[in-house]
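Which parts of the chain line them?

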Amino acid sequence: MDRERLAGLIVDNTAWLARNLFFYEETGSTNEDIKQLAKEGAADGTLVVADMQTAGRGRRGRDWFSPKGESIYMSLLLRPKCMPNQASALTLVMALAVLEAIEEIVPGMCGIKWPNDIVINGKKVCGILTEMGLKHNEIDYVVIGVGINVNQSSFAEEIATTATSIALECGTKMERAELIGRVLYYFEQEYARFEKTYDLTGLVDRYNQYLLNKERQVRVLDPKGEYEGIALGINSQGELLVKCQSGEMIEVYAGEVSVRGIYGYV
Ligand code: BTN
């Protein structure tokens with residue numbers, strides 16, 4: 001990936017995001033880079049992009065396989081003026097933006113597995129790891145880390161049953177810098193909607209339209225006890241509404257909980 005071309009595409013696609021851009025051929029984790037930059041006072045909208053990561057991290061302490069040259073690894077620094085509990089919805093804002101950017105190139109192929117995995121043909125092509133830094137109980141920074149499997153033609157055996165790339169599923173190779181530009185374009189639009197209410201009121205309908213779990217039986221893996229029900233969609237807080245067999249409606253908050261389809265990953 002060429003830094004100058006990436007910078008040019010970002011300027012073409014956005015009004016203010018990522019004007020402060022860092023591009024690394026190799027790094028540990030772009031989320032860690034952003035956290036460091038945030039602590040040093042980096043501006044709202046700072047972006048770190050890397051061509052490979054040696055310590056890429058996923059949710060729940062998992063590793064994120066980050067080989068060179070074929071995927072997108074990027075992290076965005078935001079300093080939203082909202083409460084910490086409202087900022088967790090930003091991970092869904094980014095999921096919608098990534099989906100809209102991919103949709104534009106390969107329409108009708110992808111959906112969202114709640115809360116923030118982008119899925120094609122039942123396998124994951126994108127994961128998002130959102131982390132927050134607080135100062136005196138207020139948000140100091142939010143980092144949204146995005147990993148998109150773009151052009152890989154194979155995956156390690158241990159992840160091949162659940163992971164895939166856009167190229168593998170759609171037969172279309174994409175220029176990563178161009179896709180980053182389009183993701184940021186959509187994120188800027190969606191983030192402006194989020195900032196009006198500091199929740200997902202302006203995004204819920206479109207998010208739910210792409211939600212693969214909608215109207216499907218799901219198993220909620222809650223550390224306090226597992227249960228099953230029908231997923232109805234998200235509310236304006238980004239919680240998944242699940243109607244249990246008992247008729248009770250539960251608002252599932254992403255935090256510690258994960259959701260599986262009863263026949264597989266979605
Ligand atoms: C998940 O587990 O689904 C989230 C994966 C997030 C991976 C991205 S790659 C860029 C950023 N840097 C990291 O170390 N993780 C995120």
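The second largest pocket holds about 440 Å³ of space. A pocket here is an open set of points on a 1 Å grid over the protein atoms alone, where a 1.4 Å probe fits, with protein on both sides within 12 Å along at least five of seven lines; lining residues have an atom within 4 Å of a point. Volume is the space filled by probe spheres set on the points, which are joined across faces, edges and corners.

Of its 22 lining residues, Ser 88, Thr 91, Thr 130, Ala 254 and Gly 255 come closest to the centre of the second largest pocket. Helix H3 (84-87), helix H4 (90-105) and S6 each give two or more residues to this lining. Helices (H or I, at least four residues) and strands (E, at least two) are DSSP runs, numbered from the N terminus. S6 provides the largest share, five residues. Because domain 1 (3-209) and domain 2 (213-261) both contribute lining residues, the second largest pocket lies between them. The domain bounds come from an automatic or database domain assignment.

Now the largest pocket. Its volume is about 720 Å³. It has 38 lining residues, and Gly 58, Arg 59, Arg 62, Trp 64 and Lys 124 are the closest to its centre. Strand S6 (123-135) is one of the elements that supply at least two residues to this lining, and helix H2 (30-39) is another. Domain 1 (3-209) and domain 2 (213-261) each give at least three residues to the lining of the largest pocket.

Residues are numbered from 1 along each chain as its sequence is written. The model is predicted: local features need pLDDT of at least 70, side-chain atom pairs count only at pLDDT 80 or more, and totals for chains, interfaces and linings use all residues, while side-chain values use heavy atoms, leaving out hydrogens and water.
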